[in-house]
Amino acid sequence: MSSPEQDLTLWQELYHCWSVYIRPYGDGYSRGHATQARIEYLLSTYAVVHSYNWREHASTVSLNDENDGRLTVSITDAVSELETVKFTIQTKSALPSFSQHQMSVIRCHEEFIWLHDMLSENMEYAGYIIPPAPPKPDFEAARDKLTRVTAAESTMSEDEYKKLRKELESDYLALFKKTVAMHEMYLMRLAAHSKLREDSNFRVFLEYAKDLKVRTKNKKELIGGFFKNMTKNVDEALLSSQKDKDEYFQERRAFLVDYHNRIKETTRKTELLSESTNALSMDYMQLAGGFALLSVQDPQLQRFMGQCAVTFEVMQKLQKRVSTDEDLKLTDLFKYYQREAQAAKSLLYRRGRALADKDIAENKLEKAQEKFKDIPTAEAYLQDCKIRFERISEMAKTELDTFKARRLETYRKHLVDMSELQIRHSQSKVSELTKGLELLREL
């Protein structure tokens with residue numbers, strides 16, 4: 001049986017289906033049929049859809065950019081459908097480039113990727129750290145587990161089924177919250193950037209009320225992107241031995257290479273830590289189930305075993321919160337900055353490529369002067385390369401300094417928050433164990 005909160009969530013989504021897909025289109029078969037299938041899926045999978053105010057949960061990774069408040073973006077609602085997640089994005093703008101002061105649009109993950117591609121391919125932003133695109137939502141594993149549990153309902157007791165299903169729904173909701181938070185962070189980073197927030201594609205993304213009609217990449221585009229990335233990686237490896245007279249960028253490049261490797265390893269270890277903490281939570285659940293079973297089988301120990309079951313059930317919930325907080329405050333933090341470090345390395349690659357182009361232009365000019373041929377063309381090309389290189393270098397210094405300050409402040413905040421949460425969780429667990437022992441002594 002469902003809880004009142006699950007029933008409310010379910011009926012809210014059913015009303016959304018009716019109001020969006022059926023009411024505006026009368027008896028249109030295609031939309032009505034799709035809605036019927038969607039409602040049947042919702043009824044069978046039990047509140048797969050979750051929607052509420054995400055402001056309380058949007059601080060998974062605090063970015064601490066200095067936003068002047070002229071453009072604020074937030075995801076106020078999200079709906080998980082069978083193949084995608086749709087985000088409701090609210091925007092308030094005081095920028096003259098925007099046609100409206102308040103906007104609300106619905107966007108899916110593919111449209112976030114389109115926006116990121118547009119920004120990455122714009123050469124005007126070659127000197128900026130392009131915020132990393134949010135990861136693709138992946139709920140298949142959670143849905144498969146939920147389906148298997150539903151199929152195995154007949155082999156479990158009612159209490160076991162309820163507990164396991166509640167646990168899976170909790171995991172699904174935590175994953176969903178994380179997905180929404182990551183997409184909101186991406187928008188917040190763009191809104192806080194003095195140049196990227198003026199981008200025309202970003203304005204279209206926030207202002208255009210209709211579907212952007214963005215499609216996923218076909219096989220040809222995916223293969224082209226693969227070879228493009230391969231070419232970039234080879235070029236980056238060749239440029240790694242490049243001589244750079246600027247000591248600042250030499251130090252930044254060496255630091256980012258080492259930093260990226262270290263944070264990658266740190267991310268792997270925090271994932272193992274989170275898995276271990278979650279495994280302990282599952283152990284508590286098994287202990288609670290074992291004590292509950294013993295309380296039924298042995299009447300003499302019924303009260304004792306029953307109290308042990310209650311204590312470990314509460315411990316399981318507390319341990320699950322510890323696992324969730326570790327995942328949000330540590331694992332997600334390191335995952336985000338692993339991607340951010342890669343974005344910073346891409347910035348240095350673009351600068352290195354511009355420096356290499358300038359060196360090539362200088363060689364071409366020398367050859368042109370030796371042959372007394374095409375000298376004006378070679379001089380103009382060299383001048384363009386110099387301007388581009390100097391422009392990228394100037395912007396890159398500001399971006400890398402900002403990245404450093406933002407990174408240090410974010411790490412400090414999250415580690416302090418994590419320490420405070422660990423203290424509170426430890427106090428709660430000690431209190432619960434003490435309470436359980438006192439109750440056992442009274443038996």
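1. Phe304 sits in helix 9, which spans residues 302–371 (helices being DSSP runs of H or I with at least four residues, numbered from the N terminus). This is a predicted model, in which local features need pLDDT of at least 70 and side-chain atom pairs count only at pLDDT 80 or more, while totals for chains, interfaces and linings use all residues. Residues are numbered from 1 along each chain as its sequence is written, and side-chain values use heavy atoms, with hydrogens and water left out.

2. With a relative accessible area of 37%, Phe304 is partly exposed (buried is under 20%, exposed over 50%, and partly exposed in between, with a 1.4 Å probe and protein chains only).

3. Lys163, placed in helix 5 (residues 158–192), likewise has a computed accessibility to report: its relative value is 34%, and Lys163 therefore counts as partly exposed. The C-alpha atoms of Lys163 and Gly289 are separated by 9.8 Å, although these residues lie 126 residues apart along the chain.

4. The second largest cavity is lined by Asp244, Phe249, Arg253, Leu348 and Arg351 (a cavity is a set of points on a 1 Å grid over the protein atoms alone where a 1.4 Å probe fits but cannot get out, and lining residues have an atom within 4 Å of a point). Helix 8 (247–297) and helix 9 are the elements that give two or more residues to this lining, whose residues divide into 2 nonpolar, no polar and 3 charged (Ala, Val, Leu, Ile, Met, Phe, Trp, Tyr, Cys and Pro count as nonpolar, Asp, Glu, Lys and Arg as charged, and the others, Gly among them, as polar).

Terms used
On a 1 Å grid over the protein atoms alone, a cavity is a set of points where a 1.4 Å probe fits but cannot get out, and a pocket is an open set with protein on both sides within 12 Å along at least five of seven lines; lining residues have an atom within 4 Å of a point.
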